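Here are some notes for a colleague who is new to this structure. Please read them with the model open.

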Amino acid sequence: MLVYILRRLAQTLLVLLVTSVLVFVGIFMVGDPVEMLVNPQADQIERERTRVAFGLDKPMWVQYLLFLKNAAAGDLGNSFVYGRQALDVILERMPATLELAFLAMLIAIVIGIPLGLYAGLKPDSKVSKAIMAVSIVGFSLPTFWVGLLLIMLFAVQLGWLPSTGRGPTVDVLGLHLSIVHWDGLKHALLPALNLALFKLSLIIRLTRAQVRENVLLDYIKFARAKGLTRARVLGVHLLKNIMIPLVTVIGLELGSVIAFAIVTESIFAWPGMGKLVIDSIFQLDRPVVVAYLMITVVMFIVINLVVDILYSVLDPRVRLGSTPA
Amino acid sequence: MSAVPQTAILVEESPWRRFVSQYAASKLALFGLALLALVLLLAVFAPWIAPQNPYDLGKLDLMDARLPPGSSSAFGSFHYLLGTDGQGRDMWSAILYGLRVSLTVGVTSGVIALTLGAALGILAAYVGGRFEQVLMRIVDIQLGFPAILVALVLIATLGKGVDKVIIALVTVQWAYYARTARSAALVERHKEYMEAARGLGLSSARIVLRHLLPNTLPPLIVVGTVQVAHAIALEATLSFLGLGLPTTEPSLGLLIANGYEFLLSGKYWISVYPGIALLATILAINLVGDQLRDVLNPRLAR
């Protein structure tokens, strides 16, 4: 187990290094940030001064090594636009994104598992067919378009919910959260629903497939034969067994929800890190883009690792290290 | 399935006919196929069907901007079936051309990714060793990250443009094909026909291309349909964010993005109709893909 974790951590460092080189080299090929930094009337001398001030006059590899040296000390460079530590700028926006991601995941789980259970237990009923039809449409709809539809329906036509911004936030243990405030929650509802829809469809389909596979197995027959109540057979025996693959997928999807928040945040003007990185790409704010990617890569690797470990805890048959994944 | 099939008919049944009849067993899948055919026809024949060339700026009239569906032009008798956008462009024509761009980008990237991924995957299964290990490790790591993130990194570093978007989409997709091709090839390589081919002393190239490749195709086709749908959705998302195709070649995603600013003032048609076209395309591909998976999957064969 320990060896496994250590090996994964070594792999993490390698992936980080490769990503950083790729991003660093690549980002040098698009545009000159100096053009964005100085005012358009600036003369050549001022441009040069800015270039030197930001270290942009040095060759690419020197800049990269400097970046690496500073990154090792936890310094990912100053944002060109905000003039502060890029890492701080991103961390400030992180709670907003995580809040949205968790709310979306919660919606997907709370609605998805019961619907999937129903569709799996009664595969031939009309309601189940409707659930599956909705889930295939939910699968096909691109997130951004669902976002537009939600805005059109709930914000423009019905006027029930606000379509942009985050609303008031409440300070909880140093984190600014909006879901603990009624108005804030109203702001979060549409973007979270938007983000949840794809995962909802996924969880419905997965739960249904698992249920249909499991109800045919002997342990369910045996539990029934013992005379257990239906509720107990379903709620304890069945649910426990379908949980294993569900936990894996939910865990892995959490990462993808954070990534897809980029789209949702852009549509709903939600001030999270996804919107920040899109803005930064347009503003050629290199340090923020690089820092965002570094943080996301780390986050992903941590999530994948935690899911793998959780998997081995939930399912004793899985041995870490021997699996090819 | 009928209870007692007549053996005489079964003997005459070719694999192709069996495939067709199995596919046609689902009405939903037939609907998907019809929808897909319609979408493809509209995209291919867009220049002949579209009443207006939406990118000939000389034909556009700002006086006709943002007309609701069914309006007629302020001058002349041009009829705007689905309304016009902010520049007075006929939405129906713009959608047809947008469909063409979206499908071209999606299918092109799909074909390149399929070729690349299948070649690497089959090679990995055939050669094995270090090459296989390293390749599959790369595949695993890459698939650990969501497509949107990988695509975004590439676009952020490469810049915008049709070629860049295709590169990004290929990079996102190749790993799925490589993994599928490898696992299919691993199963196939131990089958008897492969041994027979080796026993006949055929060259490696001939064995791989003529014997191994055709037998790994069914799962690749299944993955391919799903991936093309993903690619189209991803391209639309990137274009919507302003990070995809340039405005000179507007795909459906860009059309939707252009209509976004008018959405809040109730001018829904500029965004909604391209969105419906996008949805119909992706839905059709997914429906066909779903059925192909069921029909081509040997484990589910009755």
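This is a predicted model: local features need pLDDT of at least 70, side-chain atom pairs count only at pLDDT 80 or more; totals for chains, interfaces and linings use all residues.

1. Helix H5 (residues 86-121) of chain A packs against helix H11 (residues 273-282) of chain A. The axes lie 7 Å apart, at an angle of about 135°.

2. By class, the contact has 4 nonpolar, 2 polar and 1 charged residues.

3. Now turn to a second pair. The axes of helix H10 (residues 230-268) of chain A and helix H12 (residues 286-314) of chain A come within 9 Å. They cross at roughly 175°. With angles over 145 degrees counted as roughly antiparallel, H10(A) and H12(A) are therefore roughly antiparallel to each other.

4. From H10(A), the residues in this contact include Ile244(A), Val247(A), Thr248(A) and Gly251(A). From H12(A), they include Thr296(A), Met299(A), Phe300(A) and Asn304(A). By class, the contact of H10(A) with H12(A) has 14 nonpolar, 5 polar and no charged residues.

5. Next, chain A as a whole. Chain A has 12 helices and 2 strands. From the N terminus on, the order is α-α-α-α-α-α-α-β-β-α-α-α-α-α. Of its 325 residues, 36% count as buried. Among contacts between residues at least 6 apart in sequence, 69% join residues at least 24 apart.

6. What does the largest nonpolar core hold? This core has 155 residues. Those with the most contacts inside it are Leu100(A), Ala104(A), Ile95(B), Ala151(B) and Tyr177(B). Helix H5 (residues 91-127) of chain B gives the largest share of this core, 17 residues.

7. Look at Leu100(A) in more detail. Leave aside its neighbours within four places in sequence. Leu100(A) is then in contact with Ala188(A), Pro191(A), Ala192(A), Leu195(A), Ala261(A), Trp270(A) and Gly272(A).

8. The contact between the chains takes 34 residues from chain A and 32 residues from chain B. Five elements of chain B give two or more residues to the side that touches chain A: helix H6 (129-143), helix H7 (147-158), helix H10 (204-240), helix H11 (252-263) and helix H12 (269-296). By class, that side of chain B has 23 nonpolar, 8 polar and 1 charged residues.

9. Is Tyr176(B) buried or exposed? Tyr176(B) lies in helix H8 (residues 162-189) of chain B. It counts as buried because it has 23 C-beta neighbours inside 10 Å, and the cut-off is 20 or more.

10. Tyr176(B) and Val223(B) are 47 residues apart in sequence, yet 7.6 Å apart in space, C-alpha to C-alpha. Leaving aside neighbours within four places in sequence, Tyr176(B) is in contact with Gly117(B), Val223(B) and Gln227(B).

11. Finally, consider helix H9 (residues 192-199) of chain B. How many of its 8 residues are buried? The count is 0, and H9(B) is hardly covered. Gly201(B) follows H9(B), and its phi is positive, near 75°.

Note on methods. Residues are numbered from 1 along each chain as its sequence is written. Chains are lettered from A and ligands numbered from 1 in the order in which they are written. Helices (H or I, at least four residues) and strands (E, at least two) are DSSP runs, numbered from the N terminus. A residue is buried if 20 or more other C-beta atoms lie within 10 Å of its own, exposed if 12 or fewer, and partly exposed in between; C-beta atoms are placed from the backbone. Two residues are in contact if their C-beta atoms, placed from the backbone, lie within 7 Å. A nonpolar core is a set of buried Ala, Val, Leu, Ile, Met, Phe, Trp, Tyr and Cys residues joined through C-beta atoms within 7 Å. Ala, Val, Leu, Ile, Met, Phe, Trp, Tyr, Cys and Pro count as nonpolar, Asp, Glu, Lys and Arg as charged, and the others, Gly among them, as polar. Axes are lines fitted to C-alpha atoms, for helices over the stretch in contact, and angles run from 0 to 180 degrees between N-to-C directions. Angles under 35 degrees count as roughly parallel, over 145 as roughly antiparallel, 65 to 115 as roughly perpendicular and the rest as oblique.
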